[in-house]
Amino acid sequence: MKKVTVVGCGAYMDSGYGCPGEWRCLKAAALGEGKFDEPVQVTGFVKCECPGRAMVTTVGMGAKLSEIKPDVIHLSSCLANAKPGCPYSSAEEMAKLLQTKTGIPVVIGTHEYH
Ligand code: SF4
């Protein structure tokens, strides 16, 4: 089973109810729905903090300390789609940076639930 790290938008998570992982990202990952094409193991859940400078380092540190390197990184749907969007960086820019720095493929989005 693929191992996945999810990166959520901390600004959104702090103002939502029950996030991180209140159910949407974790349900989609467990069932292989939304942006997951098969059921996966979520082995990391990283909260981005404005302005996002430490996000890549935190993902790398999580993988190092847990000794589990994810096969794929997903930027959460709130990070990718919330309106108003991130004022610092687009999801595409974040995905490119993460992929370049970690060498791990990045998928934009997690679930498609409402
Ligand atoms: S930098 Fe952007 S993605 Fe990260 S927590 Fe702030 S608003 Fe969210």
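1. Met 1 counts as exposed because 8 other C-beta atoms lie within 10 Å of its own, where the scale used here calls a residue buried if 20 or more other C-beta atoms lie within 10 Å of its own, exposed if 12 or fewer, and partly exposed in between, with C-beta atoms placed from the backbone. Met 1 sits in the segment before strand 1, and helices (H or I, at least four residues) and strands (E, at least two) are DSSP runs numbered from the N terminus. Leaving aside its neighbours within four places in sequence, Met 1 is in contact with Pro 39, Val 40 and Gln 41, a contact being a pair of residues whose C-beta atoms, placed from the backbone, lie within 7 Å. The C-alpha atoms of Met 1 and Pro 39 are separated by 7.3 Å, although the two residues are 38 residues apart along the chain.

2. On provenance, this is a predicted model, in which local features need pLDDT of at least 70 and side-chain atom pairs count only at pLDDT 80 or more, while totals for chains, interfaces and linings use all residues. Residues are numbered from 1 along each chain as its sequence is written.

3. The protein chain holds five helices and four strands, and from the N terminus on its elements run β-α-α-β-α-β-α-α-β. Its radius of gyration is 13 Å, close to the 13 Å that the globule rule gives for 114 residues, so the protein chain is as compact as a globular protein of that length; the radius is taken over C-alpha atoms, and the rule is 2.2 Å times the number of residues to the power 0.38. Along its principal axes the C-alpha trace spans about 35 × 30 × 20 Å, and 36% of the 114 residues count as buried. Among contacts between residues at least 6 apart in sequence, 75% join residues at least 24 apart.

4. The four strands form an open sheet with the order 2-1-3-4 and parallel pairing, where two strands pair if DSSP finds at least two bridges between them. Strand 2 (41-48) and strand 4 (106-108) are the edge strands, each pairing on one side only. Neighbouring strands of this sheet are turned by 25 degrees against each other on average, direction ignored; axes are lines fitted to C-alpha atoms, for helices over the stretch in contact, and angles run from 0 to 180 degrees between N-to-C directions.

5. Strand 1 (residues 3-9) pairs with strand 2 in the parallel sense over seven bridges, and Val 7 stands opposite Val 46 in strand 2. Strand 1 also pairs in the parallel sense with strand 3, over four bridges, with Thr 5 opposite Ile 73 in strand 3. Strand 3 and strand 4 pair in the parallel sense over three bridges, and the bridge partner of Leu 75 in strand 4 is Ile 108.

6. Helix 3 (residues 55-66) lies across strand 1, strand 2 and strand 3 (72-75), and runs at about 145 degrees to strand 2. In the loop between helix 3 and strand 3 lies Glu 67, a residue other than glycine whose phi is positive, near 60 degrees. Glu 67 counts as exposed because it has 6 C-beta neighbours inside 10 Å.

7. The bond from Cys 50 to Pro 51 is cis, with omega near 0 degrees, and Pro 51 is placed in the loop between strand 2 and helix 3. A cis peptide bond also joins Lys 83 and Pro 84, with omega about 0 degrees, and Pro 84 is placed in the loop between helix 4 (77-81) and helix 5 (91-102).

8. The residues around the ligand are Cys 9, Gly 10, Ala 11, Cys 48, Glu 49, Cys 50, Pro 51, Gly 52, Leu 79, Cys 86 and Tyr 88, a residue being near a molecule or strand if its C-beta atom, placed from the backbone, lies within 6 Å of it. By class, this shell has eight nonpolar, two polar and one charged residues, with Ala, Val, Leu, Ile, Met, Phe, Trp, Tyr, Cys and Pro counted as nonpolar, Asp, Glu, Lys and Arg as charged, and the others, Gly among them, as polar.

9. Leu 79, one of the residues around the ligand, belongs to helix 4 and is buried, with 28 other C-beta atoms within 10 Å. Not counting residues up to four places away in sequence, Leu 79 touches Val 7, Gly 8, Cys 9, Cys 48 and Ala 91.

Conventions. Contact = placed C-beta atoms within 7 Å.
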